[in-house]
Amino acid sequence: MAEPHRKGKAGTPRHAAASGGGSGRQGSGHGSGRHGSANGRSGKQHSRVRTFFKRFFFTLLVMFLVLVLVVGVAIIIFYNKTSLPDPNKDFQTNTSFVYFNDSKTKMGSFSIQNRQTISFNQMTTSIKDAVISAENRTFWEDGGISVPGIARAIISISHGGEIQGGSTITQQYIKVLYLTQDRTMQRKFRELVLAVKMGKEVPKQDILAGYLNTIYFGRGAYGIQAASKAYFNVDAGQLTIQQSAVLASVINNPSLFDPSNGASNRNRLLDRYRYVLDGMLEAGNITQAQHDEYSRALPTFPDVPINNRWGGTNGYLLKMVEQELLDQGFTESQINGGGLKITTTFDPTAQRAAVQTGQRFQMTAGANAGQTKAKQLHAAIASVDSTTGGVIALYGGNNDYVENTRNWATTARPAASTFKTYAAIAGMRDGFSLRSSLDGDTFTPKGDKVPIHNEFSEEYGTVTLQKAIEDSINTAFVDMVSQMDDGPSQVVKAANDAGVPKGQGWDLNNRIPLGVAEVSPLHQAAGYATLANEGKEVSPHVVAKVTDLSGKTIYTAKTPTKQAIEKDISHDVTYALENVVTQGTGTAVSDLGFPVAGKTGTNGVGDNITSAWFVAFTRQISTAVMFVAGATGNEDLDPYAAAGDATFFGGTYPAQTWAAYMSVAMSGKTAQDFPEPDWVNLSGHHYGSGGRQTVSQPTTTSSSYRPPATSSSAAPASTAPTQPTSTAPASPTTTRPTSEQTTTRPTRTTQPEPTRTSTEAGGEQTGGQGEGEGGDTREPSGGSSSGR
């Protein structure tokens, strides 16, 4: 028997086997233990990684939350500190409109941006609905920003796209009114903040109204009112549904959707238009039937006149209005963007007559010189209210301001014998009267070397001042000025007192009455208006009244009150000028049907006539007409003379132009007589030195004579000159030389041409001392061969 002990060692009982198996697992488990140890270490490593990432992501989360918190706090602080800034000035401007003196007839406008702000209630409902359907269908509900729009913008940016829209109406309004058009993240962020702020602080109606008054619609139109006029020539309150849908459509891109820019634009517009109608249907703003009907085609677009504010003859008037407002202290921003209503002094009927009359006689006289020269002739008309100084009408000799900015009605040229009126005023101030005797023959003034002549070398003998005025006698006026104490200066003062400013050719010499002195038709009309106003200075102006956007009057022109010319002297000079019309050189206008006083004038340099005038007035209106030729207004007028005329007389085309215009301007007015003459220096007040020689026994009696009033018939004994008799003081009889009767131009006695000095680019000249041919022409009326 074997020993149990050995069997135990050598055998393999189940428990031993199990034990041995255990030992075997242990033996084999030596390697398994090593593997377990490695797996343990790996698990620990994974655990550490997981822990790291957990801590990392937790840290990131904390940092993100902190960042969100910081950004949120920053946004809150920025929001609270941000206020709606001052608007961009140009988008707050309103067009200023200019009207004729009836305050209804529109003349033109001034603008930075063509805009007329209107209230929310003045806008038709259809334009509000259409714009919301086109631009921001959630407008009434959103808080000023569009979250989906912002998301689309972020996606675009993330893909490398530009900072773009997704803008609500509020955002668009913010961008236009307060910000720049830059596409930057900073600008976009500020836009969002301001939009939210505006959405909370400003009523939606106000936002929509502001947007519609601000946004650009194309065609130079800012805001719905200007756009309605630009596209359909109606007010914004009269827009139809179809018209509203069109205007809402073009906001998106005016250059691409303006139907006037070709068929492709119309097709694009039609698609956009239908999109807007779809939105209006969806919102319940229109019915299905309306939607279907309107979607078929675009509405009709009327012909809208293109507004060129400077175009045509009104451009000259508008430029005068602008300059006068600047002179009165208005700023350019007020004028162009203040929404002013500017009422001018221009009368629409008279202005139309001035343009038509000027053009007609310009064409008639121009035809005498042939087609080429016809374009070089300029007729200028300036017409002034004799009481207020308001300019009633003005024609500048050119038909379009854009093509030619030269306004001949405000351009000074030699005034010729129309300047003698101021010499007559100066003479009476110095003691001369209408009956003072003067030399009507050729003579050489003391200190001169060149004799003074009358036109065509006519000789008149001794004449009165009244006769000298009636027949425009050069020698008599030079004689009078030569006798006066510092006569030339007195003549200049008289002209200045009447409201005529100094200019070229105003040299102080005894020939100054002959009219080398340059005056514009506008100032000459005003100077004569001072006489019509009994000596109260009439300053020409073109603006009567200005009201602001609220309707408040902020400017009114002043009525003249300054007594610039002595009243009695104005009466006597007017009386003499009235005789010019009734029996002197201005009879071409004597049948107007109103008392008229005036003066003709024709300036001659050598054998050339360089300006021809007729200046005359009624009690209500003073009007000056001037004809000149050439680019500088110094070319010869004789080629344009009427058939049968010896020269281009002021009593022909200028007088005819005056009469044709004034027949319209005076229509409907009551005839008013001029005041009776006071016969200064003969009765009543005496001016200057006494003892002036008078013509006491005239051989003829003026048919228009009015005797001096009884109350003023006596003059102070110490200074009284010979008094007028019960029969009128009048001009002596003079025999007219044959040269005046002829229908062909006589040979002139030529005097040395005066020194001329260049005054402008282009060779414009002005006369110096003296005047070729003795200066002024003594004109026959209406071109008649029989003389006056």
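## Helices H15 and H23

Helix H15 (residues 348-367) packs against helix H23 (residues 653-665) at an angle of about 155 degrees, and their axes are 9 Å apart. Angles over 145 degrees count as roughly antiparallel, so H15 is roughly antiparallel to H23. Their crossing is right-handed. Keep in mind as you look around that this is a predicted model.

Which residues of H15 and H23 meet? From H15 come Thr349, Ala350, Ala353, Ala354, Thr357, Arg360, Phe361, Thr364 and Ala365, while H23 brings Tyr653, Gln656, Thr657, Ala660, Tyr661, Val664 and Ala665. Sorted by class, this contact of H15 with H23 has ten nonpolar, five polar and one charged residues.

## Helices H17 and H22

A second pair is worth a look. Helix H17 (residues 420-429) and helix H22 (residues 567-583) cross at roughly 135 degrees, with axes that come within 10 Å. That angle makes H17 oblique to H22. Here, too, H17 passes H22 in a right-handed crossing.

On the H17 side, the contact is made by Thr421, Ala424, Ile425, Met428 and Arg429; on the H22 side, by Ile569, Asp572, Val573 and Leu577. By class, that gives six nonpolar, one polar and two charged residues in the contact of H17 with H22.

## The whole protein

Stepping back, you will find 24 helices and 16 strands in the protein. Of its 788 residues, 53% are buried. The protein exposes about 34700 Å², with carbon and sulfur atoms supplying 52% of that area.

Contacts also reach along the sequence: among those between residues at least 6 apart, 72% join residues at least 24 apart.

Methods. Residues numbered from 1 in each chain as written. Predicted model: local features only at pLDDT ≥ 70, side-chain atom pairs only at ≥ 80, totals over all residues. Heavy atoms only, no water. Helix = DSSP H or I, 4+ residues; strand = E, 2+ residues; numbered from the N terminus. Buried < 20%, exposed > 50% of the residue type's maximum accessible area, 1.4 Å probe, protein only. Contact = heavy atoms within 4.5 Å. Areas by Shrake-Rupley, 256 points an atom, 1.4 Å probe, with all protein chains shown as cover. Axes fitted to C-alpha atoms, helices over the stretch in contact; angles between N-to-C directions. Parallel < 35°, antiparallel > 145°, perpendicular 65-115°, else oblique. Left-handed = near helix turned anticlockwise from the far one by under 90°. Nonpolar A, V, L, I, M, F, W, Y, C, P; charged D, E, K, R; others polar.
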